[in-house]
Amino acid sequence: MKYTLDTDFSSLNGPKAVNWIIGFQDMTEDAFADSSSHSRLLGNLLILEPYLHTIRQGLADRGRTVPAILQEALDILWDYLEGRKAPSDFQDFANNLYAAALDYNVGEEITDAQAEFSRKYVDIPWGKNSEWQILTWLSVLLMEVVAISGGWLDFEEYEQDVDFVEMEEMLNMLVDVFIDLTDTPLQSNKAVDVMNAQEQVYQTPLFRQFIERIQNGLKAALSATPEQYPALREEYRQYTILPEEYAVKLLGCL
């Protein structure tokens with residue numbers, strides 16, 4: 001059976017749910033195959049907004065706020081989508097932000113100017129994995145937009161389109177986090193036990209709600225017209241990827 005973004009995930013049991021998760025990126029690419037890069041970018045933003053808002057709630061409980069660099073990058077992408085910024089306006093920012101992400105994630109050698117940018121503007125403590133993951137996702141989207149426009153890239157060439165790789169990374173990371181969020185028993189860290197726990201997670205109401213929110217965001221992006229982008233921006237920045245009562249625990253698991 002071929003699964004799609006329209007598949008009712010809550011109706012899938014055992015291996016069927018596993019296969020839906022495994023095939024997430026391919027089915028998303030299939031769904032957006034005939035869509036513009038703007039629609040694909042919107043799909044990413046309609047998941048990023050609720051995800052960041054959930055992180056914001058968790059940080060607030062710790063007396064912290066969302067790092068300014070994350071909000072700035074997100075706003076730039078929305079402004080581009082709504083026609084208020086051109087890629088040439090932010091290509092330097094995109095390259096510098098991507099350099100910071102590479103330095104954090106893989107220890108990539110970066111220039112002195114890029115390192116100075118990171119020290120000055122990337123206000124994220126080392127080891128805050130959820131915030132760095134969102135920064136990486138945003139930096140990839142920015143670089144993809146610059147590549148589409150033919151702008152300058154300091155790093156390897158990008159395909160001329162917006163993809164969903166970082167969204168899949170988020171999904172794969174949170175699958176393991178949901179074991180803790182749902183108090184699902186985990187016998188050991190052996191692969192077979194982790195996989196069994198994941199299958200149990202897929203049947204929980206909390207995880208099914210999480211998947212439904214992702215599906216709804218992507219389907220909204222598929223059907224939206226440019227005139228609807230500002231309203232969607234305001235709507236989705238109020239949403240969360242998880243109910244608020246899980247925000248603090250989520251942050252502690254990442």
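**Figure 1. Q215 in helix α10.** Q215 is found in helix α10, which spans residues 205–223. The model shown here and in the other views is predicted. Q215 has a relative accessible area of 6%. Buried means under 20%, so Q215 counts as buried. The side chain of Q215 reaches the backbone oxygen of L5 at 2.9 Å. The side chain of Q215 also reaches the backbone oxygen of T7, at 2.8 Å. Leaving aside residues up to four places away in sequence, Q215 touches T4, L5, D6, T7, F9 and W20.

**Figure 2. N44 in helix α3.** Helix α3 covers residues 37–61 and contains N44. The relative accessible area of N44 is 1%. That value is under 20%, so N44 is buried. The side chain of N44 reaches the backbone oxygen of R40 at 3.0 Å.

**Figure 3. Helices α5 and α7 packed together.** Helix α5 runs over residues 87–106, and helix α7 over residues 129–148. The two pack at an angle of about 140°, and their axes lie 8 Å apart. This angle makes α5 oblique to α7. The crossing of the pair is left-handed.

**Figure 4. Residues at the contact of α5 with α7.** On the α5 side, the contact residues are P87, F90, Q91, F93, A94, N95, L97, Y98, A100, A101, Y104 and N105. They meet N129, W132, L135, T136, S139, V140, L142, M143, V145 and V146 in α7. By class, the contact has 16 nonpolar and 6 polar residues. It has no charged residues.

Figure 5. V106 is found in helix α5. Its relative accessibility is 58%. Exposed means over 50%, so V106 counts as exposed. V106 and D163 are 57 residues apart in sequence. In space they are 21 Å apart, C-alpha to C-alpha.

Key:
Residues are numbered from 1 along each chain as its sequence is written. This is a predicted model: local features need pLDDT of at least 70, side-chain atom pairs count only at pLDDT 80 or more; totals for chains, interfaces and linings use all residues. Side-chain values use heavy atoms; hydrogens and water are left out. Axes are lines fitted to C-alpha atoms, for helices over the stretch in contact, and angles run from 0 to 180 degrees between N-to-C directions. Helices (H or I, at least four residues) and strands (E, at least two) are DSSP runs, numbered from the N terminus. Angles under 35 degrees count as roughly parallel, over 145 as roughly antiparallel, 65 to 115 as roughly perpendicular and the rest as oblique. A crossing is left-handed if the near helix is turned anticlockwise from the far one by less than a right angle, and right-handed if clockwise. Contact means heavy atoms within 4.5 Å. Ala, Val, Leu, Ile, Met, Phe, Trp, Tyr, Cys and Pro count as nonpolar, Asp, Glu, Lys and Arg as charged, and the others, Gly among them, as polar. Buried means under 20% relative accessible area, exposed over 50%, partly exposed in between (1.4 Å probe, protein chains only). A polar contact is a pair of N or O atoms within 3.5 Å; within protein, one must be able to donate a hydrogen and the other to accept it, and residues adjacent in sequence count only if both atoms are side-chain atoms.
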